[in-house]
Amino acid sequence: MEQYVKGVTMHILRDNLLFFLLSIFIISVDQFTKYMAVVFYAELIHGIEIFSFLNLVFVTNKGISFGLLSNLNISFFLGLISLAISMVLIFWLAKSCKAYEKFTLSLILGGALGNGIDRIYQSYVIDFIDFHYKGFHWPAFNVADASITIGVMIYIIYNLNETVFLKK
């Protein structure tokens with residue numbers, strides 16, 4: 001039985017190594033950029049204009065997306081939920097036969113783990129990217145948030161294309 005489990009595990013890792021490496025890369029970039037935000041806290045607290053529509057800022061987020069529920073002090077619980085969702089994503093990624101699905105799940109997994117790590121160890125997530133246009137500011141976000149959003153968008157667009165446009 002032990003040999004069977006080891007064989008299945010190696011098969012899953014071998015077939016999905018590139019996708020797991022992508023998730024690890026996203027986690028690494030996310031954690032590094034958040035670390036750099038802490039290092040440059042004194043500058044970022046006032047905001048640094050990069051382009052007319054983009055600032056780097058320093059914001060801590062104890063809630064869910066866009067700071068919702070931040071007054072409830074549930075960040076650690078949200079971290080545990082992120083880890084549980086990540087386990088489901090790993091299982092889904094391992095079972096998937098579609099490359100686009102594995103790619104999008106890898107993006108989402110990297111982002112979920114990146115933010116989950118922060119929530120468990122710090123009880124908050126650091127957001128530092130601030131897009132704005134004519135006085136409207138999109139809520140600050142980080143690399144993990146961007147990775148999750150891009151992964152979900154690609155997944156939805158691909159599935160809409162596959163189900164709505166190709167099945168005529």
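Trainee: What share of the 168 residues in the protein do buried residues make up?
Mentor: This is a predicted model, so take the figure as computed from that model. A residue counts as buried under 20% relative accessible area. Of the 168 residues, the buried share is 33%.

Trainee: How many helices and strands are there, and in what pattern along the sequence?
Mentor: The protein holds five helices and four strands. Read along the sequence, they give the pattern α-α-β-β-α-α-β-β-α.

Trainee: Among contacts between residues at least 6 apart in sequence, what share join residues at least 24 apart?
Mentor: Contact here means heavy atoms within 4.5 Å. Among contacts between residues at least 6 apart, the share joining residues at least 24 apart is 68%.

Trainee: In what order do the strands lie in the sheet, and which are the edge strands?
Mentor: Four strands form an open sheet with antiparallel pairing. Their order is E1-E2-E3-E4. An edge strand pairs on one side only, and here those strands are E1 and E4.

Trainee: Which residue in E2 is the bridge partner of Glu49?
Mentor: Strand E1 covers residues 48-51 and strand E2 covers residues 54-61. They run antiparallel and are joined by three bridges. The two form a hairpin with two residues between them. In E2, Glu49 has as its bridge partner Asn55.

Trainee: At the other end, which residue in E4 is the bridge partner of His132?
Mentor: E3 and E4 pair over two bridges, in the antiparallel sense. In E4, the partner of His132 is His137.

Trainee: Is H3 roughly parallel or antiparallel to H4?
Mentor: Two packed helices are described by the angle between their axes and the distance between the axes. Helix H3 spans residues 75-95 and helix H4 spans residues 99-122. Their axes are 8 Å apart, at an angle of about 155°. Angles over 145 degrees count as roughly antiparallel, so H3 to H4 is roughly antiparallel.

Trainee: How do the residues of the contact of H3 with H4 divide?
Mentor: H3 passes H4 in a left-handed crossing. The residues of their contact divide into 15 nonpolar, six polar and three charged.

Trainee: Which strands does H4 lie across, and at what angle does H4 run to E3?
Mentor: H4 lies across E2 and E3. To E3, H4 runs at about 130°.

Trainee: Which residues does Ile154 touch, not counting residues up to four places away in sequence?
Mentor: Ile154 is found in helix H5, residues 143-165. At 32% relative accessibility, Ile154 counts as partly exposed. Thr104 is 50 residues away in sequence, yet the C-alpha atoms of Ile154 and Thr104 are 6.7 Å apart. Not counting residues up to four places away, Ile154 touches Phe103, Thr104 and Leu107.

Trainee: Where is Ser123, and is Ser123 buried or partly exposed?
Mentor: Ser123 is not a glycine, although its phi is positive at about 70°. The place of Ser123 is in the loop between H4 and strand E3, residues 125-133. Its relative accessibility is 30%, so Ser123 counts as partly exposed.

Trainee: Is Lys134 buried or exposed?
Mentor: Lys134 lies in the loop between E3 and strand E4, residues 136-137. Lys134 has a positive phi of about 50° although it is not a glycine. Exposed means over 50% relative accessible area. Lys134 has 72%, so Lys134 is exposed.

How values were computed: Residues numbered from 1 in each chain as written. Predicted model: local features only at pLDDT ≥ 70, side-chain atom pairs only at ≥ 80, totals over all residues. Heavy atoms only, no water. Axes fitted to C-alpha atoms, helices over the stretch in contact; angles between N-to-C directions. Parallel < 35°, antiparallel > 145°, perpendicular 65-115°, else oblique. Left-handed = near helix turned anticlockwise from the far one by under 90°. Nonpolar A, V, L, I, M, F, W, Y, C, P; charged D, E, K, R; others polar. Buried < 20%, exposed > 50% of the residue type's maximum accessible area, 1.4 Å probe, protein only. Pairing = 2+ DSSP bridges.
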